[in-house]
Amino acid sequence: MTQQGLKSAIATKPGGKPQKPAVENWFRADPEPHLLGSQCSACKTYFFPRETFYCKNPDCTGTEFQEIEFSRTGTLWSYTNGCYKPPPPFVATDPFEPYTLAAVELAKEQIVILGQVAGGAGVDDLKVGMTMELVIETLFEDDEFEHTVWKWKPVTG
Amino acid sequence: MAREIAILGAGMHPWGKWGRNFVEYGVKAAQDALKEAGVEWKDIQFVSGGDTVRNGYPGYVAGATFAQALGWTGARVASSYGACASGAQAIDNACAQIQAGFCDVALVVGADSTPKGFLAPQGGDRPTDPDWLRFRLLGATNPTYFALCARRRMDLYGATDRDFAKVKVKNARHGLNNPYARYKKEVTEDEVLASPMVSDPLRLLEICATSDGGAALVLSSMEFARKRTTNPVTITAVSTTTPRFPNTIIEMPNFSTDSAAAVAPPKLTFKDSIAARAYEEAGVDPSDINLAEVYDLSSALELDWYEHIGLCKPGEAERMLNDGDTTIGGRVPVNPSGGLACFGEAVPAQAIAQVCELTWQLRGQADGRQVEGARLGVTVNQGLFGHGSSVIVKH
Ligand SMILES: [Zn+2]
């Protein structure tokens, strides 16, 4: 990561620990939340996580890719939750709290992307077909950092 | 190319949590299969092993491990890995050797010894491995992927949690008299629905456990078989197909589907293509099928398979189940062995065990769970990272 990239990735909330992406270069928080994918310059296929080496379309031999900010909203394809603590490398809260997962379809990119559900929404708040919006939230904290990740948030009203 | 490979013998070590070395399960299964076949170990020319990745180096070279355990004879070996489809890869490799004329008779073996709990990724810090990252960033355990499919059935087709529970009840009943099953106990719908939620809408009794177990087959050319038996059960197709781009259904352990923005999706989804390619190879139609062994990693996934293997149209699986079509005695019984619901998964043995069950069923030797008059069966299974697996067995 470039020096500038690192600076923009580690931001400090007032009074809180510095924030750090739990995975580098998969998403951006500012100026607005976006997943960072890539697009093959030759055949225009989108990739997330980003492809940077060789196009996965068997009819294409593309090796050039553009970084793309993916659409921020999509349609809920399906959802579930985790009622038991997953094994490491998942970092669980203590006591463990169930988490919700969503698979969201982006219309422009024609891709379904998984993410946790934001804001403590549970499966009872969700329905296949509803609109979901991308946000950046804390995944887990350690002594040094708030580690952040992308999540899907139901759009209500 | 059409195949005709004879199944001379099938053997299994009972599934369970025995805590012994996986090699012992494989050796026991192999000995049973050889005995059934009436073939001496020393006559086996090719040993095809299904690998286990949880038992150290011997598991990675399963073909050699079983050959050494049975006593080195100079037989050639192969070791195959395709996650849950490893057994089908091992069967496919043995069939190919026989069809190519490199050998007349082969032994296929898969066995596993598994730890307790969720299947976890391998240890260490591996931030470029999607199988590591899905646990780290999402907590996307295997059951969460099964549950995404289950929930979609509910929201799209109106499936209910009671439908899913009925699959478990059916399979538990099927497996009651199977000597190789780990769980031999009837359950009621209410008991299933009272078990703890794991990944909504799937409950503990609806999600497949991990087991120890072993399965083996003795396969041969038809010419070799005719010297020993007049009418052997045969394998007429093995599909080990992989997805076609773009794969538009989310698959474990991925974060996303392929994008279909630039290239239109294939006519058949990956799961639809697995058995379809076996039917095509065997020259049969799904309506010819008399029974099926499908990979019920969850109760709801069994319903998906009814549709993916062409037993009914999308959205009709619940009706098939509720009409009793897939129960022993029904139109096309599914998982007469009891399925993963009664076995739990012993990864490299499971696809081989599916073929063992069809072999016994088609010979009329499935005591206490016999599907009457069955002539044609299909197995289907899918392994992580794009491994399809489907075998057509005929008598
Ligand atoms: Zn391309």
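**Briefing: a predicted model with chains A and B**

Gln39(A) counts as buried because its relative accessibility is 11%, where buried means under 20% relative accessible area, exposed over 50% and partly exposed in between (1.4 Å probe, protein chains only). This is a predicted model, in which local features need pLDDT of at least 70 and side-chain atom pairs count only at pLDDT 80 or more, while totals for chains, interfaces and linings use all residues. Residues are numbered from 1 along each chain as its sequence is written, chains are lettered from A and ligands numbered from 1 in the order in which they are written, and side-chain values use heavy atoms, with hydrogens and water left out.

**Around Gln39(A)**

- Gln39(A) belongs to strand S4 of chain A; helices (H or I, at least four residues) and strands (E, at least two) are DSSP runs, numbered from the N terminus.
- Its side chain reaches the backbone oxygen of Lys44(A) at 3.0 Å.
- Neighbours within four places in sequence aside, Gln39(A) is in contact (heavy atoms within 4.5 Å) with Lys44(A), Thr45(A), Tyr46(A), Glu64(A), Phe65(A), Gln66(A) and Ile68(A).

**The two domains of chain A**

- Chain A is divided into domain 1 (25-70) and domain 2 (71-157), with bounds from an automatic or database domain assignment.
- The C-alpha centres of these two domains of chain A lie 21 Å apart.
- Twelve residues of domain 1 of chain A are in contact with 14 residues of domain 2 of chain A.
- The area buried between the two domains is about 1,200 Å², and carbon and sulfur atoms give 79% of it; buried area is the accessible area (1.4 Å probe) that two parts lose on being put together, summed over both.
- In domain 1 of chain A, Phe27(A), Tyr46(A) and Phe70(A) lose the most area to domain 2 of chain A, together 48% of what that side buries.
- There is one salt bridge between the two domains, a salt bridge being a side-chain nitrogen of Lys or Arg within 4 Å of a carboxyl oxygen of Asp or Glu.
- Arg72(A) forms a salt bridge with Glu32(A), and the closest N and O atoms are 3.6 Å apart.

**Where chain A meets chain B**

- The contact takes 45 residues from chain A and 38 residues from chain B.
- About 3,600 Å² is buried between chain A and chain B, and 67% of this comes from carbon and sulfur atoms.
- Trp77(A), Pro89(A) and Leu114(A) supply 20% of the area that chain A buries against chain B, more than any other three residues.
- The count between the chains is one salt bridge.
- Lys127(A) forms a salt bridge with Asp155(B), with the closest N and O atoms 3.6 Å apart.
- Strands S7 (73-82), S8 (99-106), S9 (111-117), S10 (131-141) and S11 (146-154) of chain A each supply at least two residues of the side of chain A that touches chain B.

**Helix H5 of chain B**

- Helix H5 (residues 130-138) of chain B is mostly covered, with seven of its nine residues buried.
- The buried residues of H5(B) are Asp131(B), Trp132(B), Leu133(B), Arg134(B), Phe135(B), Leu137(B) and Leu138(B).
- Their cover includes S8, S9, S10 and S11 of chain A together with helix H6 (142-157) of chain B.
- At the start of H5(B), a side-chain oxygen of Asp129(B) reaches to within 2.8 Å of the backbone nitrogen of Asp131(B).
- Just after H5(B), Gly139(B) takes a positive phi of about 70°.

Conventions
Polar contact = N/O pair within 3.5 Å; in protein donor to acceptor, adjacent residues only side chain to side chain.
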